[in-house]
Amino acid sequence: MYRLRDVGAGRISPDGQWIAYTVTTVDSAKDKSDSDVWMVNWEGTRTLKMAGSPEGESNPRWSPDNRYLSFVSGRYESKGGQIWLLDRAGGEAVRLTDLKGGVSEYEWSPDGTRIALVSHDPDADDGKPDSLKARTPKPIVIDRYAFKRDGDGYLDRRRDHVWMVDVATKKAVQITTGDFDDRQVRWSPDGKRLAFTSERMDGDPDRFNNGDIFVVEAAPGATPIKLTTWSGPDAAPVWSPDGSRIAYLQGSEPQLSAYTQNTIAIVPATGGATQLIATSLDRDVNQLTWSADGTRLRFLLGDDRAQHLAQVDVATGAVTRMVDGRRVVTAYDVAPNGRLALNTGTAQRATEVHALDNANLRALTHVNDSVFASLSLGTTEDVQFRNKDGLTVGALVTKPANFDPSKKYPMVLRIHGGPNGQDQHLFQFERELFAANGYVVLQVNYRGSSGRGQAWKKAIYADWGNKEVQDLLAGVDHMISLGYVDPERLGIGGWSYGGILTDYTIATTTRFKAGTSGAGSALQTTMYGSDQYIFQYENELGAPWKNPRLWEKLSYPFYKADRIKTPTLYLGGEKDFNVPIAGSEQMYQALKSLGVPTQLIVYPGQFHGISRPSFVKDRYDRYLEWYGKYLAGITP
């Protein structure tokens, strides 16, 4: 775990000669992760470390004239992360911004004289020493409808807004204001206007799953002009090369907040009717860029257990795949001369930066080659089966190295979260860890998952823990029918919605001999007002007092806890506002009361995703100990 490094999205220089990217390493001694900026030449023959500090660097970008490599860092007590400029002619990086709200995203102007960015409204106490803040805490005053967000804590009226900074003078000016979040800022090709995404409206934006595309002159005090009218979310604007049109992603209907699927859309930059592109595609799309002549749009295409790089002809809607196969493309970038760099990986190899050279992939980085050369990995394969409704369900199965089909193996069913996500052909440490310890690993893309179209996603709308469980159990039955899975040694587990589905499944059947439920919930009524999903609850389920029977139905793992016989390990982050630790605490208490073997692990100071390396390792160790005890007869 400590040897593997994560390679961030590559950004190709304007001249197409270099690709900047980040490498994140784990420091076991300091118990933290650190991200540094590197670059590799187009030929893949030279690799240089460009920036590094204990505080970490992220989001590298090139100035249009190739002179500067910029990045965001919290180095030297620049709170919140600031933009730094590294002159490629030599010298140390210089801090460009000093905004109390930090910098979350940014983009260079076409002429390289300015940078548009997004910064959070500052706190009145920003600038005071942390020790003073701790000694004189203030009451938290809340008046928002949606008042919690994992990682951010309780939400006040401070928002994200668009700013602009002059590169020569370092002077920063605020472009947008108001009780709305403004994000995803993009320059027009002539450098006169900015497009951005915002929830600004007449009503309370917290009560609407809506976002629109706005355009504003690149000057303080200018009035934003709304371009889109869709009642659901619009996001990720991208200007056409001639500046006449803006392509963006149109989400699903507002009530499908948990099951949204983007459609490519185009709107005139001065306002007008929206044109939807490739509406019959019915797959997940993301990361739009225009071709140089404005006739095509590139995008990432999320398909069944894979994610490809594709392009669509704007006039005809015809979609072609530029990079496909059983792999996942996580990011890409294109230089003005047409050179294209992308990040991609497979089930056997973690993501690295590649060049797309004459339709062929050529690896540019080799960050983890030495690690993988020393490992014997399991084999990950596609598997399909029918559920009780006669629908084909896709899944992945990972077999241990040196797999022998004549043997009977213990199997763990590992359930992905979301539910709007999928298990796919990209290296995953967890499943390889289980395979290395002798388990067959099954990962099912149950109804509710992405990669199979909108109908597949929304099939579980207001019907949680039903069709998903059917699909999961159908997958287990199929694996047992193949003859190499021991039906008496079945484990189950997952995190987030995977933890929730673990609770649903062990309350439905007693066939699993061990379970792990991370960051999950079962008594769903208690999540109302304590997590961050208030919009989904009231628009998908209705308020608990309006629809109490449905809320009770969806809470069946708790109300039927006396049916659970599976020894289950519960885990979660102490500060999780996504699925609060109370969800795990309640199920732990129920099983403890009933005498079912159980244990609760709370990770101090952690949010929904466990990030502290020692805690990440601890969680893996506990998974192996729990499964080992109940499936393999191993004494912890």
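Reader: Before we start, what does contact mean here?
Author: Contact means heavy atoms within 4.5 Å. Keep in mind that this is a predicted model.

Reader: Is S63 buried or exposed?
Author: S63 counts as buried, because its relative accessibility is 1% and buried means under 20%.

Reader: Which side chain does S63 have a polar contact with?
Author: The side chain of D65, at 2.7 Å.

Reader: Let's switch to the strands. How do β3 and β4 pair up?
Author: Strand β3 (residues 18-27) runs antiparallel to β4, and ten bridges join the two.

Reader: What's in the turn between β3 and β4?
Author: The two strands form a hairpin with four residues between them, and D31 in that turn has a positive phi of about 55°.

Reader: Which strand does β4 pair with over four bridges?
Author: That's β5 (residues 47-51), again in the antiparallel sense. Here W38 stands opposite K49 in β5. The hairpin of β4 and β5 has five residues between the strands, and G44 in it takes a positive phi near 80°.

Reader: Why is β4 called largely enclosed?
Author: Because seven of the ten residues of β4 (residues 32-41) are buried.

Reader: What about the open sheet of four strands, what's its order?
Author: The order is β16-β17-β18-β19, with antiparallel pairing. The edge strands are β16 (182-187) and β19 (225-226), each of which pairs on one side only.

Reader: How many bridges join β18 to β19?
Author: Two bridges join β18 (residues 212-217) to β19, and F214 stands opposite K226 in β19.

Reader: Now helices. At what angle do α5 and α6 pack?
Author: Helix α5 (residues 467-481) and helix α6 (residues 497-506) pack at about 80°, with axes 10 Å apart. That makes α5 roughly perpendicular to α6, because 65 to 115 degrees counts as roughly perpendicular.

Reader: Which residues make that contact?
Author: From α5 there are E468, V469, L472 and L473, and from α6 there are Y497, L501, Y504 and T505. By class, the contact of α5 with α6 has six nonpolar, one polar and one charged residues.

Reader: How many residues of α6 are buried?
Author: Ten of the ten, so α6 is largely enclosed by the rest of the structure.

Reader: And α7, how many of its residues are buried?
Author: Six of the eight residues of α7 (residues 534-541) are buried, so the helix is mostly covered. The buried residues are I534, F535, Q536, Y537, E540 and L541, and what covers them includes α8 (548-553). Just after α7, G542 takes a positive phi of about 85°.

Reader: Last one: where is K399, and what is K399 in contact with?
Author: K399 lies in strand β33 (residues 392-399). With the side chain of E381, the side chain of K399 makes a polar contact of 3.3 Å.

Reader: Buried or exposed, that K399?
Author: K399 is buried, with a relative accessible area of 14%.

Methods:
Residues numbered from 1 in each chain as written. Predicted model: local features only at pLDDT ≥ 70, side-chain atom pairs only at ≥ 80, totals over all residues. Heavy atoms only, no water. Axes fitted to C-alpha atoms, helices over the stretch in contact; angles between N-to-C directions. Parallel < 35°, antiparallel > 145°, perpendicular 65-115°, else oblique. Nonpolar A, V, L, I, M, F, W, Y, C, P; charged D, E, K, R; others polar. Buried < 20%, exposed > 50% of the residue type's maximum accessible area, 1.4 Å probe, protein only. Polar contact = N/O pair within 3.5 Å; in protein donor to acceptor, adjacent residues only side chain to side chain. Pairing = 2+ DSSP bridges.
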